[in-house]
Amino acid sequence: MRLRVSKLQILPRAPSVCPSARSLASRTHAQRLPAHTVLSCQQHAPQLFDPGALRMHACSFKVYTRTGDGGSSSLFSGERRRKDDAVFAALGHTDELNAAIGLVRAVCAEAGSPLGQLHMQLGEVQSRLIDVGSAIATPPSTSQTARVARTAFDGDGEAALLEGWIDAMDAELPQLKTFILPAGGQLASTLHLARAVCRRAERAVVPLVLAGECEKSVEVYVNRLSDYLFVAARFASHRTGETEVPYQKTKARRKESLFRGEVE
């Protein structure tokens, strides 16, 4: 989302500030907006990030700016790169993962109270993935030290939180004795899908980490998140009364078909 500001007037002390601008400026200093949002606002309305007073008569948000029509886009560092750059690929996979988890939460909400805690945890994960995107969008080689520090991601700490959730869910589950298929009910299937997207996001992050363009903690977190999503899928099947579907070898499947009198 891009911010378009019109009719700006800088005063020594501003008695009136547009509520949207005040909210955006305060959130930027207090809560740290996602890197791509902050960057867009800094480019289009740098006065919002100036400690000086600001009086704004009108402001509006604009989704399109046409600046990316040439096939490039900006990182948090201010550097423009082609949209097929490895950094944007990792950002895209992370964004897709977040969207997949959003779908999971929608299905989870329909399941009601038995999965209320899982719904809450997934909401926390979605917010952390925004932080992951901010870290990815700030390559150390082309970013100012202050911006790298601002988007630093505590992947180890967040991974430890995921591990605690994994252990709590795993304590309720029967021991896994064989491979299972990505199935087990609607909610479990969406979690397995999110897990697969998470693995793809991880594969996109690894080259950036190896090149020194992304901090190792991001890779650690995304790796642990895929483990969490796998256990969450099993947990969802268990809590909703669905049956996990085990993998079967070809010979066993044929024997079962013949026993039932099915034509091959």
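Visitor: What volume does the largest cavity have in this model?

Guide: In this structure, which is a predicted model, the largest cavity has a volume of about 30 Å³. By the rule applied here, the count comes to one cavity of 30 Å³ or more.

Visitor: What makes this space a cavity rather than a pocket?

Guide: The term cavity is used because a 1.4 Å probe fits at its points but cannot get out, whereas a pocket is an open set. The residues that line the largest cavity are I180, L181, A183, G184, A188, H192, A233, R234, S237, E244 and V245.

Visitor: Which helices supply at least two residues each of that lining?

Guide: They are α7, which spans 186-210, and α8, which spans 216-239, and the largest share, three residues, comes from α8. Divided by class, the lining of the largest cavity has six nonpolar, three polar and two charged residues.

Visitor: Why is α3 called roughly antiparallel to α4?

Guide: The axes of helix α3 (residues 86-111) and helix α4 (residues 116-136) come within 10 Å and cross at roughly 170°. Angles over 145 degrees count as roughly antiparallel, and therefore α3 is described as roughly antiparallel to α4.

Visitor: How do you know that α3 and α4 meet, and which residues take part?

Guide: Contact means heavy atoms within 4.5 Å, and residues of α3, including V87, L91, L97, I101 and R105, meet residues of α4, among them L118, L122, Q126, L129 and I136. By class, the contact of α3 with α4 has 15 nonpolar, seven polar and one charged residues.

Definitions and conventions. Residues numbered from 1 in each chain as written. Predicted model: local features only at pLDDT ≥ 70, side-chain atom pairs only at ≥ 80, totals over all residues. Heavy atoms only, no water. Axes fitted to C-alpha atoms, helices over the stretch in contact; angles between N-to-C directions. Helix = DSSP H or I, 4+ residues; strand = E, 2+ residues; numbered from the N terminus. Parallel < 35°, antiparallel > 145°, perpendicular 65-115°, else oblique. Nonpolar A, V, L, I, M, F, W, Y, C, P; charged D, E, K, R; others polar. 1 Å grid on protein atoms, 1.4 Å probe; cavity = no way out; pocket = protein on both sides within 12 Å on 5 of 7 lines; lining within 4 Å. Points joined across faces, edges and corners; volume = space filled by probe spheres on them.
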